[in-house]
Amino acid sequence: ISACLVGSEMCIRDSSTCIGSGSFNLSSEFAGGRFIGTGISGNVFTPTSDGIFEITYSLNLGSCRVSRIRTIKVNPIPNSNFSIPEKVCLNSEPVSLVPDQIGGVFEGGNVVSASYFPNSIGTDSVKYSISINGCSSTLTKKINVIPNPTLETANTELEIEKGNSVNLNVQSNGKVKWTPSV
């Protein structure tokens with residue numbers, strides 16, 4: 001982005017930028033003037049917040065003072081945060097990937113559109129990238145696919161009389177829910 005004063009007009013060649021995109025120099029073909037406005041130090045503009053910023057270039061030409069005002073639009077960085085559980089069981093239902101701000105693209109192993117399919121044990125990375133008004137943001141999160149719990153019994157069928165109990169050996173990497181529960 002640069003600004004210049006041509007004849008008696010100041011022009012801004014690129015009138016929008018992103019928060020945090022770095023400082024840039026403002027310039028004029030007429031030396032001796034000064035740039036005035038929020039975010040300006042000397043002839044340097046630093047976009048630290050979003051909004052519309054007025055830039056005034058003021059120059060004394062002989063006995064005349066010439067001032068021109070132009071604007072630079074500073075766009076916010078899009079929000080690339082999204083929701084994803086830390087753990088899911090192998091071959092469970094697909095996980096819906098829900099971004100805080102829509103308009104981006106999900107990528108990663110076992111990702112199709114905005115769904116994650118837990119098809120293999122291990123840790124996968126899911127990335128969400130979004131670009132709006134020339135400003136971009138990307139966030140990557142991990143999801144851990146764990147084995148399904150197993151139930152080991154000596155018999156495949158158990159009959160238990162009311163009031164009696166039986167011990168069952170369960171191996172699990174997470175919580176076990178018994179159904180039907182009593």
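Me: Leaving aside its neighbours within four places in sequence, which residues is Lys142 in contact with?

Reply: Happy to take you through it. A word on the ground rules: this is a predicted model, in which local features need pLDDT of at least 70 and side-chain atom pairs count only at pLDDT 80 or more, while totals for chains, interfaces and linings use all residues. Residues are numbered from 1 along each chain as its sequence is written, and side-chain values use heavy atoms, with hydrogens and water left out.

Beyond its neighbours within four places in sequence, Lys142 is in contact with Pro85, Thr123, Asp124 and Ser125; contact here means heavy atoms within 4.5 Å. With Ser125 there is also a polar contact, side chain to side chain, at 2.8 Å. That term stands for a pair of N or O atoms within 3.5 Å; within protein, one must be able to donate a hydrogen and the other to accept it, and residues adjacent in sequence count only if both atoms are side-chain atoms. Lys142 sits in strand β18, where strands (E, at least two residues) and helices (H or I, at least four) are DSSP runs numbered from the N terminus. Lys142 counts as exposed because its relative accessibility is 53%; exposed is over 50% relative accessible area, buried under 20%, and partly exposed in between, with a 1.4 Å probe and protein chains only. Gly108 is 34 residues away from Lys142 along the chain, and their C-alpha atoms are separated by 10.0 Å.

Cys18 and Cys135 form it, with 2.0 Å from S to S, and an angle of -100° about the S-S bond makes it left-handed. This pair ties together distant parts of the chain: Cys18 belongs to strand β3 (residues 16-18) and Cys135 to strand β18 (residues 135-146), 117 residues apart. Both Cys18 and Cys135 are buried.

Thr17 counts as buried because its relative accessible area is 10%, and its side chain makes a polar contact of 2.7 Å with the side chain of Ser21.

Now for charge pairing. Side chains of opposite charge can pair when their charged atoms come close. A search of the whole structure finds 1 salt bridge, meaning a side-chain nitrogen of Lys or Arg within 4 Å of a carboxyl oxygen of Asp or Glu. The partners are Lys127 and Glu107, at 3.9 Å from N to O. They too link distant parts of the chain, with Lys127 in strand β17 (residues 122-132) and Glu107 in strand β14 (residues 105-108), 20 residues apart. Lys127 is partly exposed because its relative accessible area is 31%; Glu107 is partly exposed because its relative accessibility is 38%.

Next, the interior. A nonpolar core is a set of buried Ala, Val, Leu, Ile, Met, Phe, Trp, Tyr and Cys residues joined through side-chain atoms within 4.5 Å. The largest one has 14 residues, of which Leu97, Phe106, Tyr116 and Val126 touch the most other members. Strands β17 and β18 are the elements that give two or more residues to this core, and β17 has the largest share, with 3 residues. Setting aside neighbours within four places in sequence, the contacts of Leu97 are Ser83, Ile84, Phe106, Val111, Ala114, Ser115, Tyr116 and Val126. Apart from this core lies another, of 11 residues, including Leu26, Phe35, Ile72 and Val74.

One more polar site is worth a visit. Ser58 lies in strand β8 (residues 51-61) and counts as buried because its relative accessible area is 9%. Its side chain joins that of Ser67 in a polar contact of 3.2 Å. Not counting residues up to four places away in sequence, Ser58 touches Gly33, Arg34, Arg65, Val66 and Ser67.

Finally, the whole chain. The protein chain has 0 helices and 20 strands, and 25% of its 182 residues count as buried. Among its contacts between residues at least 6 apart in sequence, 47% join residues at least 24 apart.

Conventions. Disulfide = S-S within 2.5 Å.
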